[in-house]
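Visitor: I would like a close look at one part of this protein, the stretch of strands and helices towards the end of the chain. Please start with the overall layout and then work through that part.

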Amino acid sequence: MALAERQVRRDRYFMSIARAVREAANCLGAQVGAVLVVDDHIVSTGYNGTPHGFTNCRDGGCVRCRDRALHAEGLATEMADPEHVPGRGLDRCICVHAEQNALLAAARFGVRVEGATLYSTLSPCFGCLKEAIQAGVRRIVFDEAYPVAPPGPIAEQYAQLAAHLCREDPAAFGALTP
Ligand SMILES: [Zn+2]
Ligand SMILES: [Zn+2]
């Protein structure tokens, strides 16, 4: 079997596990699952939701997610902050993203992630992308692309981060081969 074909098969396998991990997500927003793989072994997993010990997002534990749900239902006047619309104010969300949770679980349990491939069911946000790179992740594969582009200057820096990953391997950042 050709190397590229083997990689595609491996990618599909690890993404299927990321999709299974996503089932545990507790967030009013997109449900996301992530898996960190080092040398073909899963070393950590994560899904999105509020931190341990806090009220779950679906039980109203996240102000931003609750606002976004109100906005979607046409109840904008009941929002705590009108800035809380899709793709905006991501940093104000108490929910920890799936990719962050995968990295943080590795930190918590002392697992090395240097050189890891990150599989996520959704393309990483600006924050998760920079954090993954800083943690030593070398390749990121995602299932679906996040539908809302980040605002102008951030979009530019997001592209720079993605290009940084791809400086040796052009396939180091991108969607799963269908
Ligand atoms: Zn949430
Ligand atoms: Zn994120």
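Guide: This is a predicted model. The secondary structure of its protein chain comes to five helices and five strands. Read from the N terminus, the elements follow the order α-β-β-α-α-β-α-β-α-β. The radius of gyration is 17 Å, close to the 16 Å that the globule rule gives for 178 residues, so the chain is as compact as a globular protein of that length. Along its principal axes, the C-alpha trace spans about 55 × 35 × 30 Å.

Now to the part you asked about. β3 covers residues 117–122, α4 covers 126–135 and β4 covers 139–144. β3 and β4 pair in the parallel sense, over five bridges. In one of these pairings, T117 has R139 in β4 as its bridge partner. Between the two strands the chain passes through α4, and this β-α-β crossover is right-handed.

Together with helix α5 (residues 152–165) and β5, β4 makes a right-handed β-α-β unit. β5 consists of residues 173–175, and its pairing with β4 is parallel, over three bridges. Here F142 has A175 in β5 as its bridge partner.

α5 has 14 residues and reaches 21 Å from its first C-alpha to its last, close to the 20 Å expected at 1.5 Å a residue. Of those 14 residues the number buried is one, so α5 lies largely in the open. For the protein chain as a whole, buried residues make up 34% of the 178 residues.

The largest nonpolar core ties this part to the rest of the chain. The core has 38 residues, and those touching the most other members are A34, V35, L36, L118, Y119, A132 and I140. The elements giving two or more residues to this core include β3, α4 and β4, along with α1 (3–22), β1 (33–38) and α3 (98–108). A34 shows how such contacts run: leaving aside neighbours within four places in sequence, A34 is in contact with L118, Y119 and S120, and also with A18, V21, T45, G46, A98, E99 and A102. Across the protein chain, among contacts between residues at least 6 apart in sequence, 59% join residues at least 24 apart.

Terms used: Residues are numbered from 1 along each chain as its sequence is written. Chains are lettered from A and ligands numbered from 1 in the order in which they are written. This is a predicted model: local features need pLDDT of at least 70, side-chain atom pairs count only at pLDDT 80 or more; totals for chains, interfaces and linings use all residues. A nonpolar core is a set of buried Ala, Val, Leu, Ile, Met, Phe, Trp, Tyr and Cys residues joined through C-beta atoms within 7 Å. A residue is buried if 20 or more other C-beta atoms lie within 10 Å of its own, exposed if 12 or fewer, and partly exposed in between; C-beta atoms are placed from the backbone. Helices (H or I, at least four residues) and strands (E, at least two) are DSSP runs, numbered from the N terminus. Two residues are in contact if their C-beta atoms, placed from the backbone, lie within 7 Å. The radius of gyration is taken over C-alpha atoms; the globule rule is 2.2 Å times the number of residues to the power 0.38. Two strands pair if DSSP finds at least two bridges between them. A crossover is right-handed if, with the strands pointing away from the viewer, the path from the first strand over the helix to the second runs clockwise. The expected span of a helix is 1.5 Å times one less than its number of residues.
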